[in-house]
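Keep the structure open while reading.

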Amino acid sequence: MSKIISGVSLSQEIKSKMKEEVKQLVKIFNRPPHLAVICVGDNPASISYVKGKEKDCLEVGIKATTIHLDEKVSEKTLLDLIKSLNEDRTVDGILVQLPLPKTIDEQKVLDFIAPMKDVDGFHPNNVASLYLKRTSIQPCTPKGVIKLLKSENINLEGVNACVIGRSNIVGMPLAKMLLDENATVTICHSKTKNLEEITKCADLIISCVGKPKFIKASMVKDGCVVIDVGVNRLNGKLCGDVDFDEVSKKASYITKVPGGVGPMTRCCLLENTILTFKLNNKI
Ligand code: NAP
């Protein structure tokens, strides 16, 4: 049986340290780090994610302000709001909850956030900094995955790592971060031929696909480390990409959904908010 890497306990551990750090920052700067979250429309999933972010911030002492905008808001109004938050010195981090209504150019909006306040790490400047190995605000999910692996002292140097998925927010930055840890990285996607042949050679598989029970035991070699980034629903129940019951019989380490990568993503958002506070206060 494999060892389950718990994102719940690791994130709790990190959050209690952050709580202390925030207390110290408040002593020095007379205010806590401040995250502004913009939520457009009334998509129930977005509202629930935003509430989760507010709760997380409260837990560690970060101030969170959510600005709800109507579904029909114009792109210009949204950009004007971001401009004012960019200029507001009491706001450290800005997050726009995705997806945005189809009438709004999502990329244009994300690009408009000041790079130093971009807690999601999606701004082209932060993406470039990641690829150029400069100090950057890293996207939360891949950052959380690396933390999970490091928490178990899993050796990444020289391992064959297979990242399945190549999105700009998860697969691609994760592949780069693994490369920076000296892993040998293969990036797979929907056009990959013989996926199973590749995954069977991997010491580490990270699935970022978004399809329930996509990773079967037959795709995994004995002793492989398996990280499940996927978030799906199957028969009304939340599940990842990995057929957990079967794959956990072969893997050495594995994450569960829920309780694996998700809590780490949330935790890294808090960490990035503290980071933007420090960057903006030049500490
Ligand atoms: P995405 O943009 O839809 O990317 C999915 C990737 O999977 C694409 O690169 C796609 O390939 C690849 N793919 C699809 N079918 C495949 C197949 N049959 N074989 C191999 N690759 C295949 O999704 P995302 O935003 O990266 O998110 C991925 C999953 O992670 C989703 O379930 C999402 O909900 C979840 N997620 C979780 C967290 C968390 O905190 N736990 C955070 C973010 C996302 P192509 O590029 O060729 O289309």
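## Helix α6

In α6, the buried residues are C140, T141, P142, K143, G144, V145, I146, L148 and L149. This is a predicted model.

**α6: burial and length**

- Helix α6 runs over residues 140-151. Nine of its 12 residues are buried, so the helix is mostly covered, where buried means under 20% relative accessible area.
- The length of α6 fits a simple estimate. At 1.5 Å a residue, its 12 residues should span 16 Å. The end C-alpha atoms are 16 Å apart, which agrees.
- After α6 comes N153, with a positive phi near 55 degrees.

**How α6 meets α7**

- Two packed helices are described by the angle between their axes and the distance between the axes.
- For α6 and α7, the angle is about 40 degrees and the axes are 9 Å apart.
- The two helices are therefore oblique to each other. Their crossing is right-handed.
- Which residues of α6 and α7 meet? On the α6 side they are P142, K143, V145, I146 and L149. On the α7 side they are P173, L174, M177 and L178.
- By class, this contact of α6 with α7 has eight nonpolar residues, no polar ones and one charged residue.

**How α2 meets α10**

- Helix α2 covers residues 44-60, and helix α10 covers residues 261-280. Their axes come within 10 Å and cross at roughly 60 degrees.
- α2 and α10 are therefore oblique to each other. The crossing of α2 past α10 is right-handed.
- From α2, the contact uses G52, K53, D56, C57 and V60. From α10, it uses R266, L269 and L270.
- The residues in this contact of α2 with α10 divide into four nonpolar, one polar and three charged.

- Helix α1 has 23 residues, which should span 33 Å at 1.5 Å a residue. Its end C-alpha atoms are 31 Å apart, which agrees.
- The buried residues of α1 are G7, L10, S11, I14, K15, M18, V22 and L25. They pack against α2, α6 and α10.
- An α-helix has 3.6 residues a turn, so residues three or four places apart point the same way.
- V8 is found in α1. Is V8 buried or partly exposed? V8 is partly exposed, because its relative accessible area is 42%.
- V8 and P263 are 255 residues apart in sequence. In space, their C-alpha atoms are 5.8 Å apart.
- Leaving aside neighbours within four places in sequence, V8 is in contact with G259 and P263.

- S207 lies in strand β7. Its relative accessible area is 0%, so S207 is buried.
- Not counting residues up to four places away in sequence, S207 touches I164, F214, I215, I227, D228, V229, G230 and D241.
- A161 lies in strand β5. With a relative accessible area of 2%, A161 is buried.
- Leaving aside neighbours within four places in sequence, A161 is in contact with L178, A183, T184, V185, T186 and L204.
- How many residues apart in sequence are A161 and L35? They are 126 residues apart in sequence, and 34 Å apart in space, C-alpha to C-alpha.

Methods:
Residues are numbered from 1 along each chain as its sequence is written. This is a predicted model: local features need pLDDT of at least 70, side-chain atom pairs count only at pLDDT 80 or more; totals for chains, interfaces and linings use all residues. Side-chain values use heavy atoms; hydrogens and water are left out. Axes are lines fitted to C-alpha atoms, for helices over the stretch in contact, and angles run from 0 to 180 degrees between N-to-C directions. Helices (H or I, at least four residues) and strands (E, at least two) are DSSP runs, numbered from the N terminus. Angles under 35 degrees count as roughly parallel, over 145 as roughly antiparallel, 65 to 115 as roughly perpendicular and the rest as oblique. A crossing is left-handed if the near helix is turned anticlockwise from the far one by less than a right angle, and right-handed if clockwise. Contact means heavy atoms within 4.5 Å. Ala, Val, Leu, Ile, Met, Phe, Trp, Tyr, Cys and Pro count as nonpolar, Asp, Glu, Lys and Arg as charged, and the others, Gly among them, as polar. The expected span of a helix is 1.5 Å times one less than its number of residues. Buried means under 20% relative accessible area, exposed over 50%, partly exposed in between (1.4 Å probe, protein chains only).
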